[in-house]
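Hello,

Please find the structure below. My notes on the ligand site, the sheet and a few backbone details follow it.

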Amino acid sequence: MTIDIISVVPDLLSGPFSHSILKRAQEKNLLNINVINLREYTTYARAQVDDYPFGGGAGMVMMMEPLVNALESLQKVRQYDEVIFLTPDGETFHQQMANSLSLKNNLLFICGHYKGIDQRFRDHFITKEISIGDYVLSGGELAAAVLTDAIGRLIPGVLNDETSALTDSFQDNLLAPPVYTRPESFRGWNVPPVLMSGNHKLIEEWRSEQAINRTKERRPDLLD
Ligand code: 6GU
């Protein structure tokens, strides 16, 4: 899979993909991530990419021309399955969206800044609008990093048995059960004995019960 990300602050995205699972996914050539600097696609003076909103009001609006230039130049190299605009008024991201996007070949993320992008770009070029939650970020970059991580780790072959996504929270609409590691006793706080029993059937039953209880307690909405 290729994920291309158009940004006016590409430096914000130089760190998040260079470590851990996403780093390995790129080394294995299962995932190719490119951050594209929108300012390289403007023909306006001083690399301008935004302008005042028609009708007045606070903030700046990202202009059509640099966005269309960038998109059409990238489309000469790749056909995108989705052109996704990261915006707080998009559909709220969740695990099922990550699952289905992880099966695509090429994704393009466009990070909004300022007051947003010209509505005509949204109307004519964007295929999906995604938010990562009900709060406002300074720009779409951190949201793009969140999506890239959530999607990238699900690409077949990226995770091994040890890091398998099957037991993640949300994967079956349940939160994950508690986990423990050595030592068995720390300051008198003991690991639940069932986990030390060696009885795999009992352990699975305990984990499933814990997952259900935790979900009932913390996220009853997931059980509806
Ligand atoms: Cl995708 N962008 C911005 N700017 N703020 C957000 C967001 C996205 N998702 C939640 N807040």
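A nitrogen atom of the ligand lies 2.9 Å from a polar backbone atom of Ile132. This is a polar contact, meaning a pair of N or O atoms within 3.5 Å; within protein, one atom must be able to donate a hydrogen and the other to accept it, and residues adjacent in sequence count only if both atoms are side-chain atoms. Tyr135 also places a backbone N or O atom 2.5 Å from a nitrogen atom of the ligand, and a polar side-chain atom of Ser131 is 3.4 Å from a ligand nitrogen atom. The ligand taken alone exposes 290 Å², of which the protein buries 96% (accessible areas by the Shrake-Rupley method with a 1.4 Å probe; for residues, only the protein chains shown count as cover).

Before the rest, the conventions. The model is predicted, with local features needing pLDDT of at least 70 and side-chain atom pairs counting only at pLDDT 80 or more, while totals for chains, interfaces and linings use all residues. Residues are numbered from 1 along each chain as its sequence is written, and side-chain values use heavy atoms, leaving out hydrogens and water.

The residues around the ligand include Leu86, Thr87, Pro88, Ile130 and Gly133 (near means a heavy atom within 4 Å). By class the shell has 8 nonpolar, 4 polar and no charged residues (Ala, Val, Leu, Ile, Met, Phe, Trp, Tyr, Cys and Pro are nonpolar; Asp, Glu, Lys and Arg charged; the others, Gly among them, polar). Strand 5 gives the most to this shell, with 3 residues. Helices (H or I, at least four residues) and strands (E, at least two) are DSSP runs numbered from the N terminus.

On the sheet: 5 strands form an open, parallel sheet in the order 2-1-6-5-7, where two strands pair if DSSP finds at least two bridges between them. Strand 2 (32-37) and strand 7 are the edge strands, each pairing on one side only. Strand 1 (residues 2-7) and strand 6 (residues 106-111) pair in the parallel sense over 5 bridges, and Thr2 stands opposite Asn106 in strand 6.

Two backbone details remain. Arg182 and Pro183 are joined by a cis peptide bond, with omega about 0°; Pro183 sits in the loop between helix 5 (141-152) and strand 8 (185-186). Ala47, in the loop between strand 2 and strand 3 (50-51), has a positive phi near 55° although it is not glycine.

Regards
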